[in-house]
Amino acid sequence: MCDTCGCGISSVRTIDVNERLLASNAAQAEQNRAHFAEREILAINLMGTPGAGKTALLEAIIAKWRESRRILVIEGDQATDRDSARIRAAGAIACQVETGLGCHLAAHQIHDALHHLDLRDGDLLFIENVGNLVCPALFDLGERLRVVVTSPAEGADKPLKYPPMFRAAHLVVLNKCDLIPHVPFKLDEWTDYVRAITPHARILKTSALGGEGLGELLAEIDNVRQAFSANIFA
Amino acid sequence: MHELSLARDLMGAIERKLDRGKVRVVRVSVSVGSAAGIVPESLRFAFRVVCEGTRADGAELSVTTIAARSRCADCGIIFEFDALIGRCPGCGRLGGELLSGDEMILRTIAVADV
């Protein structure tokens with residue numbers, strides 16, 4: 001009997017598939033990752049709340065490193081090229097991806113953006129994702145390092161409210177840490193919540209504007225870069 | 001609204017599977033881990049929209065939620081939960097290391113000949 005409406009016509013058949021969703025994004029991400037590994041390019045996916053200071057952190061990193069290394073940034077925003085203009089003004093190479101109705105970047109957009117960038121062996125590539133604590137967590141871009149940026153004024157309980165995002169992070173950055181004395185934010189509580197969601201991620205406090213913690217952030221990126229290079233040549 | 005991207009991806013997977021077969025899609029079933037961050041109602045809504053005008057127009061989407069599993073960071077107990085985050089039944093500690101529960105799987109496609 002028909003299992004749709006019980007009409008007696010046995011024309012409905014069921015096909016077993018058992019395939020993961022987002023398999024095509026995963027395949028493109030793996031292709032991106034292989035491309036980066038082949039050229040020893042460290043790709044970092046920078047995610048976080050809108051207004052947490054992702055672009056300001058990039059400006060601070062570029063200011064420290066622009067003489068010593070080539071930095072490229074893929075900027076994802078729903079609209080405008082304001083952030084890529086800021087990155088260029090800071091002294092790095094930028095490519096803007098306007099996602100329109102899209103709330104996150106996907107692996108194929110990174111592949112497309114690479115065609116607009118003069119990528120060279122050994123480059124450092126930042127991908128600044130669309131500011132959003134939900135959707136970007138689901139989409140692998142082929143990065144080596146996933147960083148989540150948040151800030152004190154957002155409240156200490158953000159990790160509990162957005163678990164997949166914090167679970168995806170290798171490194172969690174509390175930016176604007178100089179605001180801590182001025183807003184109702186308990187650092188211990190926030191740290192406990194981050195640890196509850198992701199027991200192994202590194203946690204850093206920074207102030208992109210004041211400079212606090214930037215040295216540690218740069219050292220962390222350098223550690224990942226060294227492990228990455230060692231891994232490639234192992 | 002990443003469910004729209006997921007629905008488009010689902011539609012792509014269905015089209016690849018059915019290829020040029022002359023069928024219409026009656027029902028699609030997916031299973032998602034409770035910790036994956038997928039809202040079944042949003043996914044069903046987005047799926048209805050992306051199916052419009054295709055051979056899956058009007059197809060029913062059945063979403064089964066699978067319990068997630070975590071290992072407690074304090075006492076090491078492995079426990080199941082039906083949410084984005086769980087609490088250890090042994091010591092009450094929140095969260096822990098996620099062992100499973102972020103999967104999103106296309107299980108079956110029910111089709112009828114046209």
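**Notes on a predicted two-chain model**

1. Let's start with one pair: Ala68(B) has Phe81(B) as its bridge partner in strand 4 of chain B. Strands here are DSSP runs of E with at least two residues, helices are runs of H or I with at least four, and both are numbered from the N terminus. Two strands count as paired if DSSP finds at least two bridges between them.

2. Before going on, keep in mind that this is a predicted model, where local features need pLDDT of at least 70, side-chain atom pairs count only at pLDDT 80 or more, and totals for chains, interfaces and linings use all residues. Residues are numbered from 1 along each chain as its sequence is written, while chains are lettered from A and ligands numbered from 1 in the order in which they are written.

3. Back to that sheet. Strand 3 (residues 68-71) of chain B runs antiparallel to strand 4 of chain B, and four bridges join them. Three strands of chain B make up an open, antiparallel sheet in the order 4-3-5. Strand 4 (78-81) and strand 5 (97-100) of chain B are at the edges with a single partner strand each, so one side of each has no neighbour in the sheet.

4. Now chain B as a whole. You'll find two helices and six strands, running α-β-α-β-β-β-β-β from the N terminus. The radius of gyration of chain B (taken over C-alpha atoms) is 17 Å. Along the principal axes, the C-alpha atoms of chain B fill a box of roughly 55 × 20 × 15 Å.

5. Over in chain A, look at Glu40(A), which has a positive phi of about 55° although it is not a glycine. Most residues other than glycine have a negative phi. Glu40(A) is in the loop between helix 1 and strand 2 (42-48) of chain A. Glu40(A) is partly exposed, with 15 other C-beta atoms within 10 Å (20 or more would be buried, 12 or fewer exposed, and partly exposed is in between, with C-beta atoms placed from the backbone).

6. Thr80(A) is another one to check: its phi is near 75°, a positive value in a residue other than glycine. Thr80(A) lies in the loop between strand 3 (71-77) and helix 3 (82-90) of chain A. Thr80(A) is exposed, with 11 other C-beta atoms within 10 Å.

Terms used
The radius of gyration is taken over C-alpha atoms; the globule rule is 2.2 Å times the number of residues to the power 0.38.
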